[in-house]
Amino acid sequence: MDWLEQELKVALERKAPSAGFAERVRAAARAPQRRWWKPRPWMAAAAMLLVAFGSFEYREYRGRQAKQRVLLALRITAVKLHYIQQHARGSSEVHQ
Amino acid sequence: MTRRAWLTLCAFVLPLAAQQFQFHLEHLAAKASDAVDLSLNGPTLQFAAKFLDGDDPDEARVKKLITSIDGIYIKHFEFKREGAYSPADVESVRSQLKAPEWSRIVGISSAEDGENAEVYVRAENKKISGVAIIATAPKDLTVVNIVGPVDMDALAELSGHFGLPHLKESKPTRRM
């Protein structure tokens, strides 16, 4: 047996647990587990409120964007129609 | 036909179904100093209508107008120099606005400032189902397609709003 086998034999040999080890393990298993947070009803309510508020705000944002695009579209159309109407009333070169 | 071929076909056909003619002007965006590309379909217009203020005169008019239409499609380009777009670009749009579907109701041509504008209407079963406007100037080009049963009176009334003077109060700036 060389020195390595000897070392391993010593390191891995069976040892008896210290006194009261089994009792300490059982006590630890019985003790209530401590979590850093617990799910609470108000958390669910707050999350739902946050999602609802986010959805509402996003819808408002999309609505404002759509409104601005519509106003821009009709402003461009209005400018062109204004030009056409102005000339149609005053121009002799209008041809239909 | 493979699935990919169907998808490709749909990609081309769906925008056509929304717009009543193709603009073919995408290549001008790179040359333009300012470009506006608006594609507003029916659901977008109805959604936007909910956010228009009925107490504001301009917005109330817009709200009334857009509730009856199915889409607004606009391409507007402004260029820093003249000649950035060709007559062929305009003709590619104009050539699609042919009888019997389309009829030109007015055309304005100003030799003085080089501005031209045309209005076409599309009629189906004796009812207006679309309006097209082509407006050109040496440094800008605008094409508009309003899809649906357009209230022409309401559309014409727009020119008295958005900060534009009402035509009853205004006089033509130039005679040709």
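**Entry 1: contacts and overall make-up.** A reminder to myself before anything else: this is a predicted model. I began with contacts in chain B between residues at least 6 apart in sequence, and 60% of them join residues at least 24 apart. I then looked up burial and found that 27% of the 176 residues of chain B count as buried. For secondary structure I noted five helices and six strands in chain B. Read from the N terminus, their order is α-β-α-α-β-α-β-β-β-β-α.

**Entry 2: the core.** Which residues touch the most other members of the largest nonpolar core? I found A:V70, B:L45, B:I69, B:I72, B:A132 and B:I133, in a core of 41 residues. Chain A is represented by α3 (41-90). From chain B I listed α2 (42-49), α3 (57-66), β2 (71-78), β4 (116-124), β5 (127-137) and β6 (140-147). The largest share, nine residues, comes from α3(A).

Entry 3: I picked B:A132 and asked what it touches, leaving out residues up to four places away in sequence. My list reads B:F21, B:L97, B:W102, B:Y120, B:V144 and B:N145.

**Entry 4: a helix with a buried side.** In α2(B) I marked B:L45, B:A48 and B:A49 as the buried residues. Why do they fall on the same side of α2(B)? They do so because they cover an arc of only 105° around the axis. One of them, B:L45, is a name I had already written down among the core residues that touch the most other members.

Entry 5: I moved on to β3(B), residues 102-109, which runs antiparallel to β4(B) and is joined to it by seven bridges. Here B:V106 has B:V119 as its bridge partner in β4(B). The two strands form a hairpin with six residues between them. In that turn, B:G114 has a positive phi of about 75°.

On to the next pair: β4(B) and β5(B) are antiparallel too, over nine bridges.

Note on methods:
Residues are numbered from 1 along each chain as its sequence is written. Chains are lettered from A and ligands numbered from 1 in the order in which they are written. This is a predicted model: local features need pLDDT of at least 70, side-chain atom pairs count only at pLDDT 80 or more; totals for chains, interfaces and linings use all residues. Helices (H or I, at least four residues) and strands (E, at least two) are DSSP runs, numbered from the N terminus. A residue is buried if 20 or more other C-beta atoms lie within 10 Å of its own, exposed if 12 or fewer, and partly exposed in between; C-beta atoms are placed from the backbone. Two residues are in contact if their C-beta atoms, placed from the backbone, lie within 7 Å. A nonpolar core is a set of buried Ala, Val, Leu, Ile, Met, Phe, Trp, Tyr and Cys residues joined through C-beta atoms within 7 Å. The arc is that of the directions from the helix axis to the C-beta atoms. Two strands pair if DSSP finds at least two bridges between them.
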